[in-house]
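Subject: Structure handover

Hello,

The sequence and structure are below. My notes on how the pieces pack together come after them.

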Amino acid sequence: MIKYELTFIVRSDKEEQEIKNVAETMKKVLTDGNAKIIEEKALGQKELAYEINKMKTGYYFLYVVEAESEVIDEFSRVARINESILRHLTIKVED
């Protein structure tokens, strides 16, 4: 298994429960693929460096996981099609 850092930004115009649901949906994608979640952080609402889809702020989430590349590919696919997610970033961690 390979270690990854996954970060994604959820639109700030959503209700608090909707934001939590998006985070849980993304976590479920990982756990369904047998990824081991090492660390999970809700970083809160932050100002974006530049506007994305007319949004100036977003809710940041960070997951550190150990997973196979297929699980990460599925995570990225779901993040791209989820309209509540503004951006996502996957970083492979070298030990």
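Helix α1 lies across β1, β2, β3 and β4, and runs at about 25 degrees to β3. Helix α2 also packs on the sheet, where α2 touches β1, β3 and β4 and its direction makes about 165 degrees with that of β4. Helices (H or I, at least four residues) and strands (E, at least two) are DSSP runs, numbered from the N terminus. Axes are lines fitted to C-alpha atoms, for helices over the stretch in contact, and angles run from 0 to 180 degrees between N-to-C directions. Contact means heavy atoms within 4.5 Å.

This is a predicted model: local features need pLDDT of at least 70, side-chain atom pairs count only at pLDDT 80 or more, and totals for chains, interfaces and linings use all residues. Residues are numbered from 1 along each chain as its sequence is written, and side-chain values use heavy atoms, with hydrogens and water left out.

The sheet is open and has 4 strands in the order β2-β3-β1-β4, with antiparallel pairing. Its edge strands are β2 (36-52) and β4 (85-92), each pairing on one side only. From one strand to the next, the twist averages 20 degrees. Two strands pair if DSSP finds at least two bridges between them. There are 11 bridges between β2 and β3 (residues 55-67), and 10 between β1 and β3. Across from Q45 is Y59 in β3, while E47 has T57 in β3 as its bridge partner. K3 is bridged to E66 in β3. The hairpin of β2 and β3 has 2 residues between the strands, and N53 there takes a positive phi near 50 degrees.

Now the two helices. The axes of α1 (residues 16-32) and α2 (residues 69-81) come within 9 Å and cross at roughly 155 degrees. The two are therefore roughly antiparallel to each other (under 35 degrees counts as roughly parallel, over 145 as roughly antiparallel, 65 to 115 as roughly perpendicular and the rest as oblique). On the α1 side, M26, V29 and L30 meet V71, E74, F75, V78 and A79 of α2.

Last, S12, which sits in the loop between β1 (2-11) and α1. Its side chain makes a polar contact of 2.9 Å with that of T57 (a pair of N or O atoms within 3.5 Å; within protein, one must be able to donate a hydrogen and the other to accept it, and residues adjacent in sequence count only if both atoms are side-chain atoms).

Regards
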